[in-house]
Amino acid sequence: MGVYDEMKSCLQKTGLYRLDGNTAVDFELQAYAAGLEPMCDTLKQLKAESFVATASNYGLWLKESASGIASSTGDTDSRRKVLYAAGSVMPGSCTKAGLENLLDAFGFDANVLEDTADKKVTVQVKKSPDGQNDKWEKIIGQLIPAQLSVVWEYS
C-alpha cells in the first residue's frame, strides 16, 4: 500500500470526505503522496540498513568500519557472517573452540594450539581469507583477551 492509499484509507474511516478519485481532496492527497513517497522509501531503506540481518549496502559498510573490519569484497552473506562472528565475542566465549569458530567465520583455515601455562595461543594458518595477514592479526587481536599472547604461524 502506497502513501496515497494509506492517507485515503485513514480519511475514509472518518466519513467526512467523499474520496472517489475525482475530488479536490483526492488531488491534494495525491500531491502530498508524490512528495512523501520518496521520503518513505528512504526511511524503509534506512530501516533495512540499520540491522545486519537486512543490510545490503552502506549498513554493512558502516558496521564493518565500526568493528574495525575493512569492508570485504565478498558477497553480502559472507560479510554478514563475519559481522555476526565479531559481534558474538563476549566474556566466556574466549575459548579454543570460540577462537576456532571466529577464525572459521572470518575465512581462515587454521589450527589453534593453546599453552595455558604461558598464556599463549598459537594460530597455525593454512589459508587466510585474502592474504592481508597483518590486517587480520590486528582485527583478531582486538577480540582476544589482553592477557593472552598470540603467535601466528603461516605454512
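Helices (H or I, at least four residues) and strands (E, at least two) are taken here as DSSP runs, numbered from the N terminus. With that in hand I looked up tyrosine 17, and found it in the loop between helix H1 (3-14) and H2.

**Ground rules**

I note that this is a predicted model, in which local features need pLDDT of at least 70, side-chain atom pairs count only at pLDDT 80 or more, and totals for chains, interfaces and linings use all residues. Residues are numbered from 1 along each chain as its sequence is written, and side-chain values use heavy atoms, with hydrogens and water left out.

**Confidence**

I checked pLDDT, the predictor's confidence in each residue on a scale from 0 to 100. The protein chain averages 88, and 97% of the residues score at least 70. Helix H2 (residues 24-49) has the highest confidence, at 95, while H6 has the lowest, at a mean of 85.

**Tyrosine 17**

At 40%, tyrosine 17 counts as partly exposed. I searched for its contacts, meaning heavy atoms within 4.5 Å, and, leaving aside neighbours within four places in sequence, tyrosine 17 touches Leu11 and Val25. Its C-alpha atom is separated by 15 Å from that of tyrosine 4, which is 13 residues away along the chain.

**The sheet**

I traced the strands next, counting two as paired if DSSP finds at least two bridges between them. Three strands form an open sheet in the order S1-S2-S3, with mixed pairing. Strand S1 (109-115) and strand S3 (149-154) stand at the edges with a single partner strand each, so one side of each has no neighbour in the sheet. For angles I used axes, which are lines fitted to C-alpha atoms (for helices over the stretch in contact), with angles from 0 to 180 degrees between N-to-C directions. Neighbouring strands are turned by 20° against each other on average, direction ignored.

I followed S1 and strand S2 (residues 120-127) and found antiparallel pairing over seven bridges. Leucine 113 stands opposite threonine 122 in S2, and valine 112 has valine 123 as its bridge partner there.

I looked closely at the hairpin of S1 and S2, where four residues lie between the strands. Lysine 119 sits in this loop and has a positive phi of about 55° although it is not a glycine. It is partly exposed, with a relative accessible area of 48%.

**Helix and cores**

I found helix H5 (residues 96-106) lying across S1, S2 and S3, running at about 160° to S1. I then looked for nonpolar cores, each a set of buried Ala, Val, Leu, Ile, Met, Phe, Trp, Tyr and Cys residues joined through side-chain atoms within 4.5 Å. The largest has 24 residues, and Ile69, Leu99, Leu103, Phe106, Phe108, Val123 and Ile140 touch the most other members. Helix H4 (76-87), H5, S1, S2 and helix H6 (133-143) each supply at least two residues of this core, with H5 giving the most, five. A second, separate core of six residues includes Val3, Tyr4, Leu29 and Ala33.

I also listed the contacts of phenylalanine 106, not counting residues up to four places away in sequence, and among them are Ile69, Val82, Pro129, Trp136 and Leu143.

**Cysteines**

Cysteine 40 itself is partly exposed, at 27% relative accessible area. I counted zero disulfides in the structure, a disulfide being a pair of cysteine sulfur atoms within 2.5 Å.

Note on methods
Buried < 20%, exposed > 50% of the residue type's maximum accessible area, 1.4 Å probe, protein only.
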